[in-house]
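I opened the notebook to go through a few features of this structure one at a time, and I write down here what I looked up.

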Amino acid sequence: MRSGRGLSFRAIIVAPIVIALAVQALVCYFVIIRSDSLTILEEDTYSLFSERVNSRAGYLENDMVLRWSETGETVQKLADTTKAVLDEYGATAADIQTASPLALEIIDRAFDDMIAFVQRSEADGVYFVLTDGSGEDGTRGGQAPHSALYLLDSNPDVSLDNGSDLLLAACPIGLAKRTDIALASSWEAAFTLSGDESANAFYRKPFEAALDYPDAAAEDLGYWGLPDDIGDTGNRSITYSIPVKDDEGNVYGVFGIEINVNRVASYFPYRDLDASGQGSYLLAVADSGEEGVLSGSSDAVETSAALDVVASTGATQNLYVEGDRLSVSLDGRGYLVVESDESIGQVEGIADASALKLYDSTSPFASQQWYLLGLVPENTLFRASEVLESNLFAILGTSFGAGILLAVATAWFSSSRLRRLMNEVRGVGERPGAKSEASFDFQKTGVHEIDELADSIGTLATGLAAAGQRLSRIMALSDHAVGAFEYSWKTGAITYTDRFFETLGALDFPYVPDGVDRQQMRDGTLGAQGFDKLMKAYLPFSEPDSGAAHIIALPHRDRYLRFDVTEDADEGSSVGIVEDVTYEIRTRRRIEHERDHDILTGLLNRRAFEQEMMRIFATGELRFAAMGMLDLDNLKFMNDSFGHDWGDQYIQAAGAALLSVMREDDLCSRVSGDEFLVFIRSCADEQEAAERFDELKNRLGQTMIEAPDGRMLKVRGSIGVALYPRDALEYDELRDYADFAMYTAKHYRKGELCFFDKNRYDVQSSMLEKREDLNKLLDEMLVDYHFQPIVDARTGEVFAYEALMRPQMHSLESPSMVIDLARMQSKLYRIEQITFSRSLALFEERDPGSGAKLFVNSIGTQSLSTEDERDLERRFGALLDRLVIEITESDFGRELFGYKESLARRWNACLAIDDFGSGYNGDTTLLELEAAYVKIDMAIVRGIDTDVDRQDILKSLLSYAHDRGVQVIAEGVETEAELATVIGFGVDYIQGYLVGKPAPYPGGGDEALRETIRRMSGL
């Protein structure tokens, strides 16, 4: 019997299965590639990374601008001191020469100001380098010594009264011998500037700027210098220098501070970029032309930038920084990248840059731009997306390989059994010596062989069916739940993988439609009509995903499925895949939450809050809303006293208090270190908005945290509120008005709630135009003081005078305007200083020897410097025991009032509380403050002769004060009826226009009035 040659049985079985597995693998591959999940995961990871860098940059910028560069007052003192010495010597700035008596005198007089500054600052060192009028200045090349005072602080975080933490690094020999401060090992009698321009940039840059811009204010010429060891002390520091000059543009020298590079680096710990430590922060400087690249702008002309690295943390930066230079570029994804060097196994780095705004646009150094960069290797930053991608392809490859192996094994087994059977059948008739019975039997078995052939065909069919289920078994072995189905358009037949309905969650689905048999689902025999009904029941729980896929959120399980159907018109069929994507969805949503929320408080961050605001205002559906700006009080005190961890707890407690009063439609955000924005739209009118913010204020006041020393500390904050549409119609304007209201509350009384006042805003805007007038008033002390008598309520004799400020400038109409302007410019200290020195001087000059006391109005939030106190003691020592320091009740604060109690005891002076009875804490004030006098607020005295309520208040206040040995002054008495009433109730002293108006010279009072008072008091 001849047998024709054809395909082997093994090839017929194995080849189709391999092809099917290959097609399946390609389909899965393209499904993975086309999915945007990995890209979205990578973008969200970079967004979170950028958010962290921006947050750290905000902290650093705040310290550099608001803390370290606040040198204006000291610079002005040094300029005044230098000018005074020059005037005494009849010299000019050109006469200042190194080691000359003139230079030595300037350094000697500047010593106390420098000591005072270094003790209250947190700098590692301060320096005052004089110019050299000999022509060897050293600012434009050359090398020359300069007379200078250079102080180092070995422990800048702590100020020791004995100065034991200070070192003299440069000063004249005579000064070094006279002071108790130790000399640094690198001490020099003069400060030698190097001939290298880059090495003395800290001096040269501001000095030359002052020469080039003689009309510019000194504070506009400040310069941040790159790290340098300016005094050969062995430590590299960044510097902030500012020229010391007078109003005519004469430059006397340069004053500045230095901050150790290691201290700067401590402000950006690298582990908050990556917990495993595979990240670095870099503080760097670039020219202004690099801004487009570093901001990630797609419109940037250049695609790369080079930066000078100032300071860094983390070892990762060592792979990318060469000689303190770092080169970055923009890639096609819009990310800042640092190129890799594959020859040494270096991977590409991903960076983000946040600009620090250290200069105004008008500064001569505005082209020098500082940045804080975060840098992480790309394979570390995008570790999650790369692992997910590799796992998916590993599963795909494993499934494909296992399928081929299983197909080959099955084909080999089936073909060998069939060949053995065929050989046995063939050998039945070929055995030698077979009997006829055997042949008959063969013939009979010939039918039997047909039956065996049919059995073989059945066996083959079973093998083919088993091959069709192999993919399902492979999926069952995987820990990734996947199911699939195929529907034939021509026959209407539908087939499922074994775990299809289990993966779909249909076996216990609570909304299975009538007519759909659950048993058929278990058996995998559900028809096309039933399957169509079942899938329609899932529609309410699905939402579109990328492409034609849908995400199904199972209502009865905490799981998410991706359901995707592909139609094949050529084959006339549809193939669908359902897979469990719970981990992917949860990971995506977690990253999106971290991107949009503040890590510390869980509130919206600035970016997410502003996006939501833009969306709300763009809809045009807003009818009424209130925008609140909250600024936490005492956060710096918490950080300085207990550390930043406790400051973080303080912020978290504030965030929790805000969340507790938020309603469904309200929004709350932490926009910076201690500032929060609250947007309330769940109120209908202004009254309800006021009630909601009162509730917020009260809730904040009830929130307390326990400090490490066991004290319970209240969370306090100043709140400003602006209303939509009353105050503004645009988000930016509404936010700015809320910010203005908040600063109004903070400046006038911390911890209060203040609503935006357009009139106040307009007034303060116009007041800002008078800043130069205030500076002139303070510099030239253009104030006079008038004296209003305070008389004894029994004898009518003058007991004391109150010194009242009278500005001597037409543009500044009243003392209140002067105070408001000074508060806005943070110059209340100067007002406090002038009030004491000027009022005491004029009283000493004009008092005819009355022996009366002098009441001086002190600002409750300000304190005099040690130098001010010594000056007053030296000039007015004999007058200080007649001084009464008067403090307004509404300004009460335990810390500074304790200082003023101590000052009054040292001078043998007294304390008085002004406007007593006008605030909410009068009783507390008397209990906590050792006051000798209280002044009853004129609002209580006015009309008291006819108002029973005012009389009751006065009686209560008198009883409370007299029980504690405090004498009472009735303020604002203007009529004889008011005079008789307050005397009748028992006040101790009288003040008001009736007994005497303020006058330039203290007067002796009116004899007729004294007689009237004695008559009313019964004398």
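How many disulfides does the structure hold? I searched for them in what is a predicted model, and the structure holds 0 disulfides. While looking at cysteines I also noted accessibility for two of them: Cys668 counts as buried because its relative accessibility is 6%, and Cys910 is buried too, with a relative accessible area of 18%, which is under the 20% cut-off.

**Entry on a helix pair.** I next turned to helix H19, residues 644–661, and helix H20, residues 686–702, which pack with their axes 9 Å apart and at an angle of about 145 degrees. I recorded the crossing of H19 and H20 as right-handed. On the side of H19 I found Ala654, Ala657, Leu658, Ser660 and Val661 making the contact, and on the side of H20 Arg692, Glu695, Leu696, Arg699 and Leu700. Sorted by class, the contact of H19 with H20 comprises 6 nonpolar, 1 polar and 3 charged residues.

**Entry on the barrel.** I followed the strands in the order S29-S30-S31-S32-S33-S34-S35-S36 and found that these 8 strands form a closed barrel with mixed pairing. Neighbouring strands of this sheet are turned against each other by 30 degrees on average, direction ignored. Helix H25, residues 828–846, packs on the sheet, where I found it touching strands S29, S30, S31 and S32, and the direction of H25 makes about 65 degrees with that of S29.

In which sense do S35 and S36 pair, parallel or antiparallel? I noted that strand S35, residues 967–971, and strand S36, residues 989–991, pair in the parallel sense over 3 bridges, and that Ile969 stands opposite Tyr989 in S36.

Is Glu978 buried or exposed? I located Glu978 in helix H31, residues 976–985, and Glu978 is buried because its relative accessible area, 5%, is under 20%. Leaving out residues up to four places away in sequence, I listed Val941, Arg942, Gly943, Ile944, Asp945, Gly972 and Val973 as the residues that Glu978 touches. For one of these, Arg942, I also looked up the spacing: the C-alpha atoms of Glu978 and Arg942 are separated by 7.4 Å, with the two residues 36 residues apart along the chain.

I then looked at Arg1010, which is found in helix H32, residues 1007–1017, and which is buried with a relative accessible area of 11%. Apart from neighbours within four places in sequence, I found Arg1010 in contact with Thr795, Gly796, Glu797, Gly1004 and Gly1005.

Definitions and conventions: Residues numbered from 1 in each chain as written. Predicted model: local features only at pLDDT ≥ 70, side-chain atom pairs only at ≥ 80, totals over all residues. Heavy atoms only, no water. Axes fitted to C-alpha atoms, helices over the stretch in contact; angles between N-to-C directions. Helix = DSSP H or I, 4+ residues; strand = E, 2+ residues; numbered from the N terminus. Left-handed = near helix turned anticlockwise from the far one by under 90°. Contact = heavy atoms within 4.5 Å. Nonpolar A, V, L, I, M, F, W, Y, C, P; charged D, E, K, R; others polar. Pairing = 2+ DSSP bridges. Disulfide = S-S within 2.5 Å. Buried < 20%, exposed > 50% of the residue type's maximum accessible area, 1.4 Å probe, protein only.
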